[in-house]
Amino acid sequence: MPRPTLLAVSHGTSDVDGAHAIARFVDRIAAALPDVDVRAAFVDVQQPDVRDELPTIAGPVVIVPLLLSSGFHVHHDLHGSARERPDAVVADTMGPDARLAEVLAERLPPVLAGPVILAVAGSRDPRSSADAEDMAALLQERLSRPVSPAYLAARRPDLPTALATDPEAVVATYLLACGYFFDLAARQAHDRTIALPLLDGGPVPRELVDLIVARYEDAVMRMG
């Protein structure tokens, strides 16, 4: 009996490099699950849209958010789509998770030992800010140095305010790939050290693939 399809849903981006990074990520997920039909969809900007792709899938499906935090897209777009069919379930978001903290730590220059600002895309949904704060705590535990979140949209403190408050801090970008928010963070950071997003700067980290596989398997268990 075929295993449930894994529908990997990311935000979508018009940035060519960012789109390629997400596509490589999905390819690595598919390679790690050779007995699973792995497909990609998006909630914005790129096609196919998750609401268009979902009806093309026969049989049970696990919608896995390639999204770092909870928010509107998860609770409205993904759970809304899943409610339209009884054999679909939405897996947990990628974060917060210690595996993300490991990759974030690897992105930071090892010689620097000062405080870290975790630059988060931001959402008006309060569940998103709780996830960001938990992720900052996990990274702080991993680094043994102060980590505080700042937001690139929707919430406070914004990144310029956080940088002005802590002039010694470096910036870890809590983003999957390059695109609008990374460009914004880089502009706002000026001459500060700013780490690359999770999928940039080399091969897809094994920790991220393992995380998505775990999210899929946990969701399959919930399906019974």
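Reader: In the loop between which two elements is the place of S144?
Author: This is a predicted model, in which local features need pLDDT of at least 70, side-chain atom pairs count only at pLDDT 80 or more, and totals for chains, interfaces and linings use all residues. Residues are numbered from 1 along each chain as its sequence is written, and side-chain values use heavy atoms, with hydrogens and water left out. With helices (H or I, at least four residues) and strands (E, at least two) taken as DSSP runs and numbered from the N terminus, S144 falls in the loop between α5 and β6.

Reader: What is the phi of S144, a residue other than glycine?
Author: Most residues other than glycine have a negative phi. S144 is not a glycine, yet its phi is positive, with a value near 60 degrees.

Reader: What is the order of the strands in the open sheet of three strands?
Author: Two strands pair if DSSP finds at least two bridges between them. By that rule β6 (147-151) and β7 (170-174) are edge strands, each pairing on one side only, while β5 (residues 116-120) is joined to β7 in the parallel sense over five bridges, with L118 opposite A172 in β7. The pairing is parallel, and the order is β6-β5-β7.

Reader: At about what angle to β6 does helix α5 run?
Author: Axes are lines fitted to C-alpha atoms, for helices over the stretch in contact (heavy atoms within 4.5 Å), and angles run from 0 to 180 degrees between N-to-C directions. Helix α5 (residues 126-143) lies across β5, β6 and β7, and its angle to β6 is about 145 degrees.

Reader: Why is one side of β2 and of β4 left without a neighbour in the sheet?
Author: These strands belong to an open sheet of four strands with parallel pairing, in the order β2-β1-β3-β4, whose twist averages 25 degrees from one strand to the next. Strand β1 (residues 5-10) pairs with β2 over five bridges in the parallel sense, and A41 in β2 is the bridge partner of V9. One side of β2 (38-42) and of β4 (88-90) has no neighbour in the sheet because each stands at an edge, with a single partner strand.

Reader: Which strands of this sheet does α8 lie across?
Author: Helix α3 packs on the sheet, touching β1, β3 (61-65) and β4, and its direction makes about 155 degrees with that of β4. Helix α8, which runs at about 140 degrees to β3, lies across β1, β3 and β4.

Reader: How far apart are the axes of α1 and helix α8?
Author: Two packed helices are described by the angle between their axes and the distance between the axes. The contact is made by F25, R28, I29 and A32 of α1 with R206, L208, V209, I212 and V213 of α8. Counting Ala, Val, Leu, Ile, Met, Phe, Trp, Tyr, Cys and Pro as nonpolar, Asp, Glu, Lys and Arg as charged, and the others, Gly among them, as polar, the contact residues divide into seven nonpolar, no polar and two charged. Helix α1 and helix α8 (residues 206-223) pack at about 60 degrees, with their axes separated by 10 Å.

Reader: Near what omega is the cis peptide bond from G95 to P96?
Author: Most peptide bonds are trans. A cis bond joins Q47 and P48, with omega about 5 degrees, and P48 is found in the loop between β2 and α2 (50-53). P96 lies in the loop between β4 and α4 (98-107), and the cis bond from G95 to P96 has an omega near -5 degrees.
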